[in-house]
Amino acid sequence: MEKLIANFNYVIVVILMMIGLWSMLAQKNLIKKCIGMAIFQTGIILFFISIGAKDNALIPILTEAANHTYPVSDASKVANPLTQILMLTAIVVGVATLGVALALAQKIYQQHSSFDEDEILENERK
Amino acid sequence: MTEQLPIIIILGPLLGATLAAFAAWFRPRLSHPLVVLGLVISSAAALKLVFIVADAGAQKYWLGGWGTKQGHGVVGIQITVDHLNTLLLAAVSGIALLTSVYTRRLVDTELAGRQRYFYALFSLLVTGLLGITITGDIFNLYVFMEIAALSSYALIAYGRGRAYMAAFNYLIMGTMGACLYLLGVGFIFAKSGTLNIDDVSAIIPALGQSQALFVGFVLILLGAWAKMAFFPFHGWLPNAYAHAPTASAAILAPLATKVAVYAMLRVMVTVYSIDYIIHSPGIQSLALYLSSLAIVIASFFSLTQTNLKKLASYFVLSEIGYMVGGAWLANKPGLTGAMYHVVADAAMTSALFMAIGCIVYRLGQTQLDDLKGVFFKMPVTMAAFVVTMAALIGVPPTCGFFSKWYLIQGAAQEGVWHFVAALLLSSLVKAIILFRIIEIGYNRVPHPAIKGNPAIPRNEAPLSMLIPTAAMALGLVALGLGTSTLVNTIIAKALPAGLAP
């Protein structure tokens with residue numbers, strides 16, 4: 001239990017991902033599927049950021065850039081910048097995917113006047 | 001110059017896509033030649049690299065020169081061309097080049113009036129696929145995976161009507177796969193602190209038995225399986241490829257799933273190791289059972305199809321089962337078969353969809369019953385079709401026979417008889433379907449050579465479509481005849497050392 005409280009961010013990550021996954025797979029409404037997708041991606045972003053975070057960490061910027069004397073022993077006091085950069089990329093990818101998904105949902109709505117998967121499939125069978 | 005070749009492979013189609021998208025604004029006719037030019041450069045570089053790799057071994061390239069400074073560890077992104085991916089790079093860029101020439105007429109008729117951005121998306125898709133194949137960085141692989149995926153959603157949605165829903169389902173499944181993959185990368189990164197494939201593979205053995213690494217492996221595996229439409233995740237594929245325009249299906253079907261299989265192979269062979277896989281409890285036998293099920297179920301469904309494009313999509317599904325099964329046999333013939341079949345199947349599926357595209361172009365229909373008399377109308381196309389089907393069945397001089405031979409050998413060696421049975425069943429089903437098509441296309445009309453019967457005029461597809469189709473079909477035979485050279489000089493060296501013979 002103590003472990004869970006100490007790592008509550010990972011608990012939230014799991015909860016977010018479960019909500020996202022469930023609404024991507026089980027929801028019938030296309031827009032809710034898109035929302036689920038966004039929540040799932042948010043969970044992953046939080047997960048990556050949690051990996052790189054440290055207590056009382058400094059920002060990872062070289063102060064004496066000119067002579068490259070960045071003390072290696074201090075790496076433990078600096079937040080890992082790589083995870084944040086990775087997630088910047090992942091956010092961009094997520095936005096693009098969500099955009100395409102919403103565009104498709106809009107096209108489907110124009111065709112069937114519905115976001116409900118069952119209704120759409122029934123329409124298509126006709 | 002030659003040290004820059006790896007990056008040129010990606011830059012060709014990437015620049016082609018960008019320029020084609022700009023050209024689409026003010027001079028739409030320019031975008032096709034620009035894309036073809038980009039692909040010519042890319043496939044020339046890929047072909048040259050096959051010879052370089054065969055002679056001199058793996059070629060590594062650091063983007064922007066980063067990562068070569070000593071004392072800083074790995075900073076930049078590495079791209080690698082080694083024995084595992086060089087053949088696939090050549091196959092992807094070569095098939096993309098042929099397909100880009102081939103689809104020109106098809107796009108003009110099928111997507112008349114809205115073909116403006118088609119080739120920009122086409123080229124972007126190829127960029128993504130080549131990027132997945134060439135990259136030496138597991139996060140970079142995710143980015144390229146999404147580049148390829150986003151352009152393929154758009155390419156499928158070009159089909160309109162039912163294609164929108166098919167593309168949406170693919171998007172949900174594809175995003176889930178990519179997210180699971182990304183999560184797996186997170187686990188690997190948390191444990192090893194690096195994203196470079198060479199670094200990770202050096203660090204993983206030192207970490208010993210680690211639950212986090214195992215979870216990461218399973219997540220990446222599930223992600224790759226969702227991307228390649230492996231058995232429990234296969235629902236999206238038949239609809240997506242059947243409702244997509246034939247031109248989109250002709251590029252997506254041969255390449256997209258095969259590249260996902262390569263990503264799985266890369267993670268299995270290089271990032272983790274075959275040793276790790278054999279010792280992971282339960283996954284090996286589970287994956288083998290799933291492969292057999294994938295083959296059997298896809299074969300069963302292909303028997304019930306009446307639509308030619310959907311039929312071909314189910315063939316794609318069963319071939320995925322071959323490759324995953326072969327990889328998970330984790331012995332020498334099995335892995336050789338899987339690696340060889342990735343290339344062979346890309347060529348076979350490409351030839352199949354090209355032949356189907358020719359039929360669609362002339363007949364405008366894809367139902368099996370509409371094929372009456374097609375052997376008299378389009379003899380060259382149908383000859384290519386029969387050769388392709390023979391390759392899919394596994395008739396000796398074609399490449400399909402050799403990959404199946406390796407796979408069956410590997411399965412027999414491990415004693416996985418259900419996989420052998422599934423492979424043979426799949427061949428049988430494909431033979432049945434071939435003969436059914438021959439029966440419809442040849443026998444259901446009065447034979448024109450007999451006096452008194454009406455003549456059937458020849459009505460072949462245009463040469464720009466016919467030549468790539470015939471070239472691909474001949475390529476299948478050539479690839480089959482060159483099997484031993486390819487396997488000995490390249491694939492055998494891609495196998496991890498210390499593998500049981």
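Author: Gladly! Let's begin with contacts: two residues are in contact if their C-beta atoms, placed from the backbone, lie within 7 Å. This is a predicted model, in which local features need pLDDT of at least 70, side-chain atom pairs count only at pLDDT 80 or more, and totals for chains, interfaces and linings use all residues. Residues are numbered from 1 along each chain as its sequence is written, while chains are lettered from A and ligands numbered from 1 in the order in which they are written.

Reader: How many residues of chain B and of chain A take part in the contact?

Author: Chain B gives 22 residues and chain A gives 25 residues. To place them, we need elements: helices (H or I, at least four residues) and strands (E, at least two) are DSSP runs, numbered from the N terminus. On the side of chain B that touches chain A, the elements that give two or more residues are α5 (138–157) and α6 (162–192) of chain B. The largest share, 15 residues, comes from α6(B).

Reader: What classes of residue make up the side of chain B that touches chain A?

Author: Here Ala, Val, Leu, Ile, Met, Phe, Trp, Tyr, Cys and Pro count as nonpolar, Asp, Glu, Lys and Arg as charged, and the others, Gly among them, as polar. By that scheme, this side of chain B has 18 nonpolar, 2 polar and 2 charged residues.

Reader: And what elements does chain A have?

Author: Chain A has 5 helices and 0 strands. For burial, a residue is buried if 20 or more other C-beta atoms lie within 10 Å of its own, exposed if 12 or fewer, and partly exposed in between, with C-beta atoms placed from the backbone. Of the 126 residues of chain A, 25% count as buried. A:Ile15, in helix α2 (residues 8–25) of chain A, counts as exposed because it has 12 C-beta neighbours inside 10 Å.

Reader: How do α3 and α4 of chain B pack?

Author: Axes are lines fitted to C-alpha atoms, for helices over the stretch in contact, and angles run from 0 to 180 degrees between N-to-C directions. Helix α3 (residues 86–110) and helix α4 (residues 118–134) of chain B pack at an angle of about 170 degrees, with their axes 10 Å apart. Angles under 35 degrees count as roughly parallel, over 145 as roughly antiparallel, 65 to 115 as roughly perpendicular and the rest as oblique. So α3(B) and α4(B) are roughly antiparallel to each other. Residues making this contact include B:Leu88 and B:Val92 of α3(B) and B:Phe122 and B:Leu129 of α4(B). The residues of this contact divide into 11 nonpolar, 3 polar and no charged.

Reader: Which residues touch the most other members of the largest nonpolar core?

Author: A nonpolar core is a set of buried Ala, Val, Leu, Ile, Met, Phe, Trp, Tyr and Cys residues joined through C-beta atoms within 7 Å. Of the 218 residues in the largest one, B:Ile156, B:Ala167 and B:Ala347 touch the most other members. Leaving aside neighbours within four places in sequence, B:Ala347 is in contact with residues including B:Ala91, B:Cys399 and B:Leu479.

Reader: Is B:Ala351 buried or exposed?

Author: B:Ala351 is found in helix α14 (residues 332–363) of chain B, and counts as buried because it has 29 C-beta neighbours inside 10 Å. B:Ala351 and B:Gly475 are 124 residues apart in sequence and 9.0 Å apart in space, C-alpha to C-alpha.

Reader: What should I know about strands β1 and β2 of chain B?

Author: Two strands pair if DSSP finds at least two bridges between them. Strand β1 (residues 59–62) of chain B pairs with β2(B) in the antiparallel sense over 4 bridges, and B:Trp62 has B:Gln78 of β2(B) as its bridge partner. Both faces of β2(B) (residues 78–81) are covered: B:Gln78 and B:Thr80 on one side and B:Ile79 and B:Val81 on the other are all buried.

Reader: Which residues other than glycine have a positive phi?

Author: Most residues other than glycine have a negative phi. One with a positive value is B:Ala229, with phi near 65 degrees, in the loop between α8 (211–228) and α9 (236–243) of chain B. B:Ala229 counts as buried because it has 27 C-beta neighbours inside 10 Å. Another case is B:Arg160, with a positive phi of about 55 degrees, in the loop between α5 and α6 of chain B. B:Arg160 has 13 C-beta neighbours inside 10 Å, and therefore counts as partly exposed.
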